[in-house]
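The sequence and the structure are shown first.

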Amino acid sequence: MKLVDVLEAAKKEAHCGMCRIDYLDTGVCPSGKSHGFLAYWPEGRVELARALAEKTVQPTETLLDIVKTCTLCGFCDRQCHFITQLRPMKVAQALKDYAATLKPSDLKHVPEDQILKDLRAIVGKEWATNDPNIIVSYNRSIMRPKTNAAFYIAMPRTTEEIVAIVKLANTHKIPYLPRGNGTFFSVTMNTLLSDAVSIEQGIIIDLWRMKDIQIDPVAFTATIGPGVTSFELQKAASKHKLRANVAEAESHVCANAQNLGIITTWSNTYGWSSDNVIDAEKIDQEGNVMHLSDLEVPNPYATERGLMSLSLIPNVIVTSLTVKLHPVFDDEENIFVPYEKLEDAIDFAENLAKHNIGLSLAILSRKYLTEFISPTHDVAEGFDQVAKQYLKLNYLVDVICTTNDRKYIEETAPVTFDRKMVKSLILGSAKLASMKDSSLLKMISEEEHPLKALFGGPLRKHLEKGLAASPKELAAVYDPDLRDFFEKVYSRPHMTDSIWLHTFRILPCRMERKHFWMYRGGYMPGDKKTIIRVAKALDDSATKYGIEGAFGFLSYLERGKFAHLEYDYYYDHTDPDARKRVNHAIVDSWKSQFSIPGVTPLEFICNKGLRRKEHILYPLAEGLSEEELTLVDDIVESVFGGEEKW
Amino acid sequence: MVKYLTEEWAKQAKQIVLDELDPKKDLKNMNAILLNVVQNVPPENKTVYFYIKFVDGHLEELLASPDEAIKQKQAEFTVTGDYVTFIQISKGEMSSAMALLKNRVKMAGNKMKALTITKPIDNFNACIKKLQTEY
C-alpha cells in the first residue's frame, strides 16, 4: 500500500487523543507506550504519513525506528474505529511499506545542536528530539503544519526537569509551550484561533510521562501529575468508590483544570473552576515553582474579564494538582426526561437545579444522544431522524441521582425513562435507525404527545421488545474483521451503563466522526430567557454562514444561578471554504454573545480555570454597547489578521 | 540601514510616521501615551525604553533610549517584553495584540481604552516596519 492511497484517510485525522488511553481494555499502542513521542502513537503516525505523502518532510533515520516498533497489533484499529470509524492500521502498513522502499541515502541525517544537547542533559537522551519526522507528528495539535522553523520536543518526568526546560528556553530566547493530550489544540487549530493557540518555533513540552496518581480515600482527594488523563484519574478514583469531576476521557486533567476549569454535567453539585481544586503546583514563565497554597503569592484567584482578557496560551505550567473526589452512592440511577421543546426542558431542569436535585444534571440534545450512543455515524443519522420525525425527542433532561431525588423527578416529570431503556437504545440503535418506515413509529408520531405515548404507556414495552438486540447484532454494523471484538466490547455491562458512560466520558469524541467541530457557547445567568437568547444567537450565527450548528449540552452551576451551554459548529475541516465560514460564524457569535448581559463566551474563560468562579462570573457583565461591539472586528483583525490569513 | 531602538532609529521612525500616516484616517485621532519596556537588548542585555505620544492622531513624541528618565514620563500604557518579541512585532511577524494574547508581552493600563487603539497602533507598527532596520 502506498502513502498516497491513505492520504485522504490521514486528512480526516482529528487528533482526539483517544488512542493514548486504554478505554477498551485492549491495552494501548505498545510502540507509543514505550517511546512516548506522538510519532510512535497511531495519531502521530497518521500525521507523519500525511507529511511524507505531501512531501512536506523528508524521511529521517528515526522513521525506520517508528515503523519497526509498530507490530501491526491492531489495537489502534479497534480503539480508533470505536470512536472515529477510521482504520489507522492501514496508514501504519503504508508507512511500513514506504519505509521498506527507502535506501540509506534517502534518509536525512539530523544533527544534534546545542539546544538539543542541553535538553537531553535535562530529560535523558531518549526523551528529547529535534527530528523532523517526530516534529511533524505534532502538526495540527500544537503547531501549524508546513513550517520551517526550529522545533524541539522534550518529554520531562519531573517538575525540576520542566523548570530546567523553561530556563533553557529563556536563555536561548525561544518560546515553549506545554502539551497535554492536544485536545484543545486540535479543536482550535483549524480555526482563526490557530496562530493564537499554537507555537511558531521552540520547545514543545509533552507532559505525557508525568502520570503519577495518588488517591487519599480518607481525605477524598487525588494528587496527580500533568500527564494523567480524565479516564485514568476516574479509573483510580472508582477503585475507592469515588468520582472526580473530569472532562472528556482523553483530556489531561491538569491542563483542563488550568485552562477551562472542567465544566461537566456534575457541576451543579461538584462545582467548577477552583471549586474542586485543593492545591496546584505551577511553574511561571521565569521558571519559578509556586503553589496555590503558598502564603506569599499574589492573589491566585482573581482574574481579568471582558474582551481584553482573552488569553489562549497558558502563562503557567501546572505540574501537580490535588483535587477533591466525591462519593459514589449505591442507589444511583440515571433518569431521563424527554422533551420536544427546549423551553420545556429548561423549565424542568432549572427547577431541579434550584432544588439541588441530582448529582449530575444537564439538558442533552438529540444530536448528542444519537451521536454518542450510536456505533456509527450512519446509524446516528438514522436514529436522529427517527427521534426528530417520529418521537419528537429533541432534548433530554438527564439526571443521575439517588433514590429520593428519583422519586421527586418521577412524580413531577411528564414522562421518564431510565438506564435500562438507554441500554436498549444503545444495543438497538442500529435497529431503531432502520425503522424509519415502521408502522409502530408512524403510529407513535400521530399521537398528541408522542413522547408520553412511547415512554409512559404500553407502547414502551413494544419498543423495548422491538429494539431487543444483542451485542452480536449491534456488532454487525462494524467491518467484518472487527465484529467479534465489538461483540465482546458491548457484552461488558459498563459499556451500556449510562452512569459509567457519564462518569468515564469515552463517547463525546464520536461527534467528530463525520465532520470536525468547534465548540461555541459559554457561561451565563441561569434564567430561561438568557439561555434561549444565547442558544438562538449561536444558531443564528451558524445559519448566517451556512454552518451546521447544534445544541450540545447545558449544565448548571450554583443551584441554577448560572448555566454553561455548549453549542457546536460542525464543518468539514478539510474544506478551506467551510473553514472560512466557520471563522466568520465564530466572530459573529462572539459579538452576539457579548451583546447579551451576563454572558461570557467560552474562549474568554481560557486559562482562568484555577481562578475562583466568583471572580470570573461576578459582577455580571453588562453586555457591550453597539459602539463597543464594533471594536470586536478591529480586535479580530489585530489579533488574528484579516480573512486572507484564516 | 539604521540600528533598531537607537536615537537615530527613533528620529527616522517619527519622521516616516509623520510623512505617511494620516492622523484622522490612519491614526483615528487617537490620544495615547505608550511606554514600551524592551528587555534584554543586545549586546549588553540592557533595557531600552521606547516611548510614543499621540495627541489627536498626531505623533508628538517618539523616543528610544536606555535612559531610565523616560520612565518618569506619564504613560497610559506600559508594555513590557523581550527584545526578540519586539523585533517580531516590528518586523510584522506578530501583531502587538497577538504578542499580548500569547503572553509574550505584559501590558499595564486601561485595557478597555487599549481596545480602542489596537487598529491605529497596528497602522503605526506597519508604517515603521518600512524603515530599513538593523536588528
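Along the sequence, chain B of this predicted model follows the pattern β-α-β-β-β-β-α-α-β-α-α-β. In total, chain B holds five helices and seven strands. The C-alpha trace of chain B spans about 40 × 30 × 30 Å along its principal axes. A compact globule of 135 residues would have a radius of gyration near 14 Å, and chain B, with 14 Å, agrees with this expectation. Among the 135 residues of chain B, 36% count as buried. Of the contacts in chain B with a separation of 6 or more, 69% are accounted for by residues 24 or more positions apart.

**Domains of chain A**

Chain A is divided into four parts, listed here with their bounds.

| Domain of chain A | Residues |
|---|---|
| Domain 1 | 3-206 |
| Domain 2 | 213-327 |
| Domain 3 | 333-506 |
| Domain 4 | 511-645 |

Between domain 2 and domain 4 of chain A, the C-alpha centres lie 24 Å apart. In the contact of these two domains, 30 residues of domain 2 of chain A meet 21 residues of domain 4 of chain A. On the side of domain 2 of chain A that touches domain 4 of chain A, at least two residues each are supplied by α13 (253-259), α14 (267-270) and β8 (277-283) of chain A. The largest share of that side, three residues, comes from α13(A). By class, this side of domain 2 of chain A has 14 nonpolar, 14 polar and two charged residues.

**Contact between chains A and B**

The contact between the chains takes 16 residues from chain A and 16 residues from chain B. On the side of chain A that touches chain B, the elements giving two or more residues are α11 (194-197) and α30 of chain A. Helix α30(A) provides the largest share of that side, five residues. The residues on this side of chain A divide into nine nonpolar, four polar and three charged.

Helix α30 of chain A (residues 626-640) packs against helix α5 of chain B (residues 118-128) at an angle of about 35°, and their axes are 9 Å apart. In this pairing, D634(A), I635(A) and S638(A) of α30(A) meet T118(B), K119(B) and D122(B) of α5(B). The residues of the contact of α30(A) with α5(B) comprise one nonpolar, two polar and three charged.

Notes:
Residues numbered from 1 in each chain as written. Chains lettered and ligands numbered in written order. Predicted model: local features only at pLDDT ≥ 70, side-chain atom pairs only at ≥ 80, totals over all residues. Axes fitted to C-alpha atoms, helices over the stretch in contact; angles between N-to-C directions. Helix = DSSP H or I, 4+ residues; strand = E, 2+ residues; numbered from the N terminus. Contact = placed C-beta atoms within 7 Å. Nonpolar A, V, L, I, M, F, W, Y, C, P; charged D, E, K, R; others polar. Rg over C-alpha atoms; globule rule 2.2 N^0.38 Å. Buried ≥ 20, exposed ≤ 12 C-beta atoms within 10 Å, placed from the backbone. Domains from an automatic or database assignment.
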